[in-house]
Amino acid sequence: MPIEKAVFIGCGEEAPAATAAARIYFGEEACERLLPDPEEAARRVRAWRRGGREVTLVFPPVSETGLDRAARTLAALAREKGLECAVNDYGLLSLAARSAPRPRLVVGRILSRVLARNIHDLSLYSRAEHSGFLDMLRGFGVVRFDFDPFTLERAYPETLGFPMSLIAPYALISFTRRCALARCGNPDVRPFGSCRKQCRGSAFTVRNSALHGVFELVGNKILRRMEPPPALPETVDRLVDYDPLKGLPCRDLKRSKSR
Amino acid sequence: MKINAPFRKTAEAGPLLDAGADNLYCGVCVPGRPDVNDRPNNTVYNLPSLEALEAAVRLVHSRGKTISVTVNLPFCDVEQALAFISEVESLSVDEIVVSSTALLFALRGRALNCRLSLSVTNPVFNSEGLAFFRSYGVRKVCLPRHLSLDEIRAVNAVKGAVEIEAFVMAGLCPFVEGYCGVRISPRKAGRNLEPCHYRWRVERAHGDAPADRAALRTVEDHIFIRELDCGLCALFRFREMGIDSAKIEGRNYPLDRKVAMVAGVRAMLGLLEREAPPYEEFSAAAKRYLAEHYGPCAPFNCYY
């Protein structure tokens, strides 16, 4: 099966000048504060599509404010036929499913880690329920699931019933809506204090004594570098290059091991 | 506003109700059956048996209060979960707390003689999410810890017939629990390990990230669970919004600590009801209460 190549462009980033990617993933998976203005998002999506690239617009789990912004973005792009939209919460899934015209919906890699396993759970329980659940998702307009190497280990492609994308090499392990970088050096900032987009162009490598290896703290996300497995499931027909640390200079920190 | 408190032994129910809890929630260990509960299948977190649950239901009902049972593993053996729900339903529990969307899908159309509640482990962030789960018969939703007061207010404003619950004490995990992969595959296998209870340590800074000790310390402090988490001040806003239930975390905590948390929330709600103080006065009283009973109020311990 031919594999489509895509590249993930975060909000505020420019697309690399030289890329063989036929598709651009554009948006934010974990922070609605970084979502672009709807008109700006629409302008960039149209420009890429005019240049011959397909686009998947990526949304994080959204609060009521983010939901409104997502709805306005979808409305601004209503004339873009065949646009894909990756969603990461059931609310936006429902809202996007009611949009007219409806975008091609992708279950983003945050929501897919739960939903794919739920599909598998139903397949073990009852063929009819499994089939009914897949029909329900197709009824919403879902056409694909996104994964990364971390979630792929738990993906059960044989029961998924949808084509799969693989986002790599950085797997999204977790995220918070109380941003560490927003508080960096200023502990008195309230948990949901004002965002100055400090995460742009900065990140930390972190380690937890209960976990193997190192992780990257990028904005409100915990990422881990994980290469794709050598043998991909047959249903993976898209690879998305996601490397938010690319080009960032790195400094080792010499600190005492007091704790 | 009701107070929803955890318990793990039948003997804990009385003291928690005495302290002011309105609803008690628990998991139940059922030997030989796959776990359907988002906590380790042991008595550190859960009631030891269905017999213990039956006794707790009798006690709680005799006091005119209600009881919820968690079936809130985000991924579960649906058949086993349904069988377990049938068993606990027959014991007259008032509410089943569910997480798995697959389980909700399998439950749709079934006549239950108890209420369905959605666990925080299947997070609802907005009104559309609320409507999605309402269509599956969910009648109470526990909102994620990661919504601000304004975001909670926005969801609560469109709740319709669904009750809204928000966290008020303990268990402030830095990460969005329902979608978190940190809890998976800890290094020290065999232990009941939640990695976020272990400190993270910054090893490298990339790009423009600051590297001074104070900055690194705030980052490390931010992504670490403490056990003094408090949202007492938020009770003022919760009451204003009409939030239905204030949730206290900590099934595994010692009873005296659970009782103290319930008593604290009850005391603060009592203050609001009796004296309706302005926010600043209420917040100062909440901070005093926290300092006297647990420790000082600090930004990292603050829920909202």
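Modeller: A polar contact is a pair of N or O atoms within 3.5 Å; within protein, one must be able to donate a hydrogen and the other to accept it, and residues adjacent in sequence count only if both atoms are side-chain atoms. This is a predicted model, in which local features need pLDDT of at least 70, side-chain atom pairs count only at pLDDT 80 or more, and totals for chains, interfaces and linings use all residues. Side-chain values use heavy atoms, without hydrogens and water.

Biologist: What makes the pair B:Arg145 and B:Tyr303 a polar contact?

Modeller: Their side chains are joined at 3.4 Å, and the cut-off is within 3.5 Å. The side chain of B:Arg145 also makes a polar contact with that of B:Glu249, at 2.7 Å.

Biologist: Why is B:Arg145 called buried?

Modeller: Buried means under 20% relative accessible area (exposed is over 50%, partly exposed in between; 1.4 Å probe, protein chains only). B:Arg145 has 3%, so it is buried.

Biologist: Which residues of chain A are in contact with B:Arg145?

Modeller: A:Arg178 and A:Phe192, where contact means heavy atoms within 4.5 Å.

Biologist: How do you know that S8(A) and S9(A) pair?

Modeller: Strands (E, at least two residues) and helices (H or I, at least four) are DSSP runs, numbered from the N terminus. Two strands pair if DSSP finds at least two bridges between them. S8(A) and S9(A) have 3 bridges, so they pair, in the antiparallel sense.

Biologist: Why is S8(A) described as largely enclosed?

Modeller: Because 6 of its 7 residues are buried.

How values were computed: Residues numbered from 1 in each chain as written. Chains lettered and ligands numbered in written order. Lists of a residue's contacts leave out its neighbours within four places in sequence.
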